[in-house]
Amino acid sequence: MSTSLQLEPKITRKSGKLKSAVSSATNSAAENEKECRKFRLFVRDRRSNLRFLVDSGADVSIIPATSQNKKKAEYLLYAANGTEISTYGIKMLNLDLGLRRDLQFPFIIADVTKGILGADFLHKYNLLVDINKKKLIDGITNLFVLGDITAISNDNVISTLNKSIKISNLLLKYPEISRPNLVPKEIKHDVKHFIETNGQPIHAKARQLDPKRLAIAKEEFTFMLNNEIIRPSNSQWSSPVHLASKKDGSYRPCGDYRQLNAQTIPDRYPIPRLEDFHQILKETKIFSKIDLFKAYFQIPISEQHKCKTAIITPFGLYEFNVMSFGLKNALATFQQFIHEVLRG
């Protein structure tokens with residue numbers, strides 16, 4: 001019995017030392033991990049000379065706002081601590097990171113100090129980050145570009161969701177709800193756009209564009225082609241390309257469909273009148289708003305009618321897979337889409 005009593009305090013002391021050692025090692029590992037998280041890979045775009053933080057923890061890819069694009073959009077981003085980050089629209093960039101292929105992507109213009117290549121960009125182009133070797137690796141070609149590692153003092157995680165709100169856990173289960181739909185995704189409705197016409201196929205010659213507009217058109221068409229918004233065409237139909245000016249000074253490429261529209265049979269689907277809303281909204285206190293990004297691109301064109309959307313350009317003939325701006329009856333089709341969505 002005495003031997004047992006003599007051994008007990010020794011075991012306790014050893015156990016205490018062991019716990020202390022394990023606790024110290026755990027704390028040290030946690031501190032090291034915390035320190036490692038402060039270091040990030042940065043790469044530079046050779047075209048714009050913009051320096052980008054590569055961050056797979058950021059939901060979206062962003063670029064800093066300048067004095068030229070300070071018109072606020074309603075869409076907000078959030079820092080890790082819940083702080084709101086203002087945004088100012090979307091800008092298409094064609095990056096050259098030294099991987100021997102162009103990386104064209106729509107970036108959100110935001111109130112930040114540095115550009116960020118987020119999870120959406122990295123996933124789109126299958127890019128991998130190797131912090132230890134300071135590499136950004138192309139998962140398709142295995143080519144890589146060397147970056148530089150920089151310690152950052154603040155948490156640069158950018159989220160599309162304010163995680164401080166009560167329903168954040170529910171929204172995290174459906175991330176596509178809060179993330180901007182920058183390119184068409186899987187179609188989950190049955191609405192299609194049809195182009196019923198009278199007469200023979202119309203055709204036009206390619207319009208000449210000045211060097212600036214030609215470069216813009218090529219860039220936009222490359223993006224649409226890569227994202228299956230358009231496809232190469234051998235159609236008998238052709239409408240000239242038109243670059244429509246947008247409020248932010250950029251251009252939206254579409255077709256000059258005046259000849260096609262003249263032959264298109266009208267769709268008589270009813271369009272709501274603004275005056276009718278007075279009665280509907282009377283004494284209403286709570287309002288909800290749906291703002292769809294590139295809404296027309298979420299509506300496919302009937303396969304047999306895609307050839308009629310063909311646009312002729314100085315660099316090729318292309319037809320739309322999804323509804324384009326400028327088409328007659330597009331508004332009626334969009335109203336059908338809205339009614340289907342609201343009916344569930």
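A residue is termed buried under 20% relative accessible area, exposed over 50%, and partly exposed in between (1.4 Å probe, protein chains only). The model is predicted: local features need pLDDT of at least 70, side-chain atom pairs count only at pLDDT 80 or more, and totals for chains, interfaces and linings use all residues. Residues are numbered from 1 along each chain as its sequence is written, and side-chain values use heavy atoms, with hydrogens and water left out.

The chain has 344 residues, of which 37% count as buried. It holds seven helices and 17 strands. These are DSSP runs numbered from the N terminus (helices H or I, at least four residues; strands E, at least two). Contact means heavy atoms within 4.5 Å. Among contacts with a separation of 6 or more, 67% join residues 24 or more positions apart. The exposed surface comes to about 21,600 Å², and carbon and sulfur atoms supply 53% of it. Accessible areas follow the Shrake-Rupley method with a 1.4 Å probe; for residues, only the protein chains shown count as cover.

Five strands form an open sheet in the order 13-17-16-14-15, with mixed pairing. Strand 13 (230–232) and strand 15 (251–255) are the edges, each pairing on one side only. The twist averages 45 degrees from one strand to the next. Pairing requires at least two DSSP bridges between two strands. Strand 16 (residues 311–313) and strand 17 (residues 316–320) pair in the antiparallel sense over three bridges. Here Thr 313 stands opposite Gly 316 of strand 17. Helix 4 (residues 211–226) lies across strands 13, 14, 15, 16 and 17, and runs at about 70 degrees to strand 15. Axes are lines fitted to C-alpha atoms, for helices over the stretch in contact; angles run from 0 to 180 degrees between N-to-C directions.

Helix 7 (residues 330–343) has 14 residues. It reaches 20 Å from first C-alpha to last, close to the 20 Å expected at 1.5 Å a residue. The expected span is 1.5 Å times one less than the number of residues. Its buried residues are Ala 330, Ala 332, Thr 333, Phe 334, Gln 335 and Phe 337.

Thr 83 lies in the loop between strand 4 (76–79) and strand 5 (84–95). Its relative accessible area is 41%, so Thr 83 is partly exposed. Leaving aside residues up to four places away in sequence, Thr 83 touches Leu 77 and Tyr 78. Thr 83 and Ile 158 are 75 residues apart in sequence and 10.0 Å apart in space, C-alpha to C-alpha.
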